[in-house]
Amino acid sequence: MAKIRVFVNDKQKNCMGEYTVYLFICGQDRRRFSIKTGLYAKVKFSGREFPKAEPSRHLKTSRLNAFIDDVEEFCMRHEDLPMHELKDALLRHLGRAPAVSATMAARIREYAALQKPSTARLYTLTADRVEEYAPAALPDRIDAAWLRGFEAYLRDERHLAVNGIAQKMRNIRTVLNWRIDAGDDITYPFRGKYGYRIREQVSVPRCISAQEFADLRDYPCEPWQRVYVDLFCLSVYLAGINAGDLLLCEGLTGGRLVFVRRKTDKSNAGTITPVSLPVFAEAQAIIDKYKGHRHLLNIMDTRTDYQTFNKHWNDALKKVGRSELVPDRLGKLRKKAYHPILPHITTYTARYTFASIAANDLDISERTIGQCLGHAWTGEVTARYISHDQKRIDTAIRKVIDYLNTFEGRYR
């Protein structure tokens with residue numbers, strides 16, 4: 001027989017400041033669903049009795065117990081039904097039509113529409129894969145077994161790697177949490193001993209060594225490549241700042257680079273702490289070389305899309321090295337072949353490089369490195385500690401730059 005317990009959702013209040021009281025019905029197969037009792041409570045409680053502080057507690061307790069008895073009796077008479085059929089039958093018994101819910105793919109697309117374009121693309125792709133696998137799947141039917149089947153589909157049919165599958169599963173988890181917060185009756189499939197576990201594979205950091213950085217910095221590259229090499233060095237000198245944050249920056253504030261990371265979700269409640277980076281002489285020299293009018297750097301003064309430039313930036317970095325003319329399709333020496341010194345480098349390598357050198361070569365603490373990178377601080381930081389932490393950031397960045405300055409390129 002299904003087990004029944006009372007649950008008070010203290011995450012959301014109605015207009016009267018009251019919490020909704022639910023019943024959780026859990027089957028022997030550990031699948032479960034929830035239904036509203038029609039009762040509300042001022043405070044959270046468990047069991048079959050409203051607390052003494054609750055107004056009209058005796059009347060509410062009586063109604064709650066009558067509701068539980070009715071549900072228990074119905075579940076006993078229909079204990080052979082699967083859980084999803086039991087829920088629909090119970091709702092009809094209680095005089096409630098089973099909810100006609102949007103499909104899981106539709107809910108993912110709804111959530112995607114609320115996100116910035118780069119994030120929305122990831123969720124839309126997840127919705128496409130869910131629709132391919134199970135076009136009629138509903139959010140309240142998603143359980144651990146369904147997720148395991150979806151994982152097998154992504155792995156065997158779509159040939160996704162472990163981390164690609166993990167990204168899709170995280171997106172589904174986020175959307176389910178979003179719908180639960182909105183009040184939907186959804187069985188959460190990621191909870192408990194038998195819940196679905198997202199597996200991820202730790203990737204090898206895409207960093208370069210201090211010597212390789214010096215090789216790139218000092219390489220006698222072609223004139224058209226110099227701007228891309230300089231900007232990579234500038235990113236490292238600014239604690240591995242992301243390409244978008246660097247290119248879209250409009251100027252310095254008191255000699256410092258102060259910005260809010262584009263990756264930060266500005267729709268969430270709470271205080272958004274801007275990143276404040278020192279601009280040392282090495283970085284200032286590059287900024288002065290490419291000084292812009294509307295932006296810190298002139299790169300974006302004549303552009304509207306930084307991502308297109310970022311693609312050119314990545315391509316150019318992979319061509320720094322020896323080059324030679326080779327025969328084209330017609331046999332003429334008009335095609336240039338590149339032999340890069342760092343064939344796998346990207347703009348994001350600067351971020352990994354700064355963090356790896358700080359941690360492995362200079363033994364700087366993980367917390368300080370995280371603050372240099374602009375990662376969110378854990379907990380609330382009071383004003384009297386901020387200047388202290390800022391000094392740590394400045395000192396850490398200076399140490400990394402000084403360490404890099406001790407190396408000379410090998411291709412001079």
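Predicted model: local features only at pLDDT ≥ 70, side-chain atom pairs only at ≥ 80, totals over all residues.

**Exercise 1.** Which residues of α5 are buried?

Residues are numbered from 1 along each chain as its sequence is written, and side-chain values use heavy atoms, leaving out hydrogens and water.

*Solution.* Start with the terms: buried means under 20% relative accessible area and exposed over 50%, with partly exposed in between (1.4 Å probe, protein chains only). Helices are DSSP runs (H or I, at least four residues), numbered from the N terminus. The buried residues of α5 are A144, W146, L147, F150, E151, Y153 and L154. Their cover includes α4 (117–133) and α6 (162–181), where contact means heavy atoms within 4.5 Å.

**Exercise 2.** Find H159 and A239: is each one buried or exposed?

*Solution.* First, locate H159 in the loop between α5 and α6. H159 counts as exposed because its relative accessibility is 63%. Next, go to A239, in the loop between α8 and α9 (243–247). A239 counts as buried because its relative accessibility is 1%. Finally, look at the backbone: H159 is not a glycine, yet has a positive phi of about 60°, and A239, also not a glycine, has a positive phi of about 60°.

**Exercise 3.** What span should helix α5 have at 1.5 Å a residue?

*Solution.* The expected span is 1.5 Å times one less than the number of residues. Helix α5 (residues 144–156) has 13 residues, so it should span 18 Å. Its end C-alpha atoms are 18 Å apart, which agrees.

Methods: Helix = DSSP H or I, 4+ residues; strand = E, 2+ residues; numbered from the N terminus.
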